Amino acid sequence: MRAAVLAEPGQAPVCAEHPDPAPAPGHTLVAVTAAPIVPLDQLCASGTSYFGRPATPYVPGVQGVGVVERSAVLPEGARVFFSPTAGMAAGDGSLAERCLVRDDDVMVVEHDVADVPLAALGMSGVAAWMCLTARARLRPGERVLVLGGGGAVGQAAIGAARVLGAGRVVAVARSPEAQERARGAGADEVLPLTGDVDSLTARFRDAAGGSVDVVIDPVFGIAATAASRVLAERGRLVNLGGSSGDVAEFSSAVLRSRTADILGYTNAALPPAERRAALAAVVEHAAAGRLAVAHEALPLADVDRAWRRQAEGQAGVRLVLTP
């Protein structure tokens, strides 16, 4: 089969012939129709992540959309979303014509969402949904601040906050293009991520019309520091990434005086049943046009160019490969 084959950690994969997946008990074989390149793919492929150095050659790709070719638990031809563990554990991933996936990591898609938009939304939508529901426990009418609003998780979080009844949604993004994506996702107001902590704090408060109840934070760094200062009484900041750095400063007096929560989240800790339920909700709202992530479809043959675009921060939107 054709696949994106990574020969050496730290390099870009190339489209090449690769052995077909061998049958294995407890696994489903999926014919891949669309698979995104996500930051986790490149982290795992770097060989420097906390998952350790992956055995090479291997096929990256931690999520995708396809149809079942062979399974003991699902009907042949069923349309599915799947999330392999390529780069985190032994085995190949979704950037290929076929992928062998653990049965627990394959979820039937029951709503009408096209393959490429669904692959683009995928686990970013799940993360946004779970951060707002299970972690932040967002209530209707509450104010939400989304950091990194132009990224995939940020766009999904803006849309999900709207679905869940947020009273006001403010987004923060770096580039004009990212700011436009955040507006397109439904933010009431979009701010540039510029200035020091004090100026950011003032602009966050002005844009929100006061304090905020929930912060969704895939950014961390000074943006998270500023966001923590505008938390309302019993406000919640949920962090799920560190694209601006691994350190932020929080005031003990601020957190204690407001009984505020600083919470963490990762999809990696999500049990299969909860992941299925979250994906089902995300897909339902995507089918109704309420959730989406800006994306670009490319053929699998262009994987090396697409990989480098993302690694160099030039992608702009979620890149989805189609075998």
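The structure is a predicted model, in which local features need pLDDT of at least 70 and side-chain atom pairs count only at pLDDT 80 or more, while totals for chains, interfaces and linings use all residues. Residues are numbered from 1 along each chain as its sequence is written, and side-chain values use heavy atoms, with hydrogens and water left out. Helices (H or I, at least four residues) and strands (E, at least two) are DSSP runs numbered from the N terminus.

**The sheet**
- Six strands make up an open sheet with parallel pairing, in the order β10-β9-β8-β11-β12-β13; two strands pair if DSSP finds at least two bridges between them.
- The edges are formed by β10 (189-192) and β13 (261-264), each of which pairs on one side only.
- From one strand to the next, the twist averages 20 degrees; axes are lines fitted to C-alpha atoms, for helices over the stretch in contact, and angles run from 0 to 180 degrees between N-to-C directions.

**Strand β9 and its neighbours**
- Five of the six residues of β9 are buried, where buried means under 20% relative accessible area, exposed over 50% and partly exposed in between (1.4 Å probe, protein chains only).
- Five bridges connect β8 to β9, and R143 has R168 in β9 as its bridge partner.
- The chain passes from β8 through helix α3 (residues 152-163) to β9 in a right-handed β-α-β crossover; right-handed means that, with the strands pointing away from the viewer, the path from the first strand over the helix to the second runs clockwise.
- Four bridges join β9 (residues 168-173) to β10; V172 stands opposite L191 in β10, and A173 stands opposite P192 in β10.
- The crossover from β9 through helix α4 (residues 176-185) to β10 is right-handed.

**Helices across the sheet**
- Helix α2 (residues 115-135) lies across β8 (143-147), β11, β12 and β13, at about 145 degrees to β11; contact means heavy atoms within 4.5 Å.
- Helix α6 lies across β8, β11 and β12, at about 160 degrees to β12.

**Aromatic pairs**
- There are two aromatic pairs, counted when ring centres of Phe, Tyr and Trp (its six-membered ring) lie within 6.5 Å; planes under 30 degrees apart are stacked, over 60 edge-to-face and the rest tilted.
- Y50 and F51 form a tilted pair, 4.5 Å centre to centre with 45 degrees between the planes; Y50 is exposed at 69%, whereas F51 is partly exposed at 29%.
- F220 and F250 form an edge-to-face pair, 6.1 Å centre to centre with 70 degrees between the planes.
- This second pair links distant parts of the chain, 30 residues apart; F220 is buried at 14%, and F250 is partly exposed at 28%.
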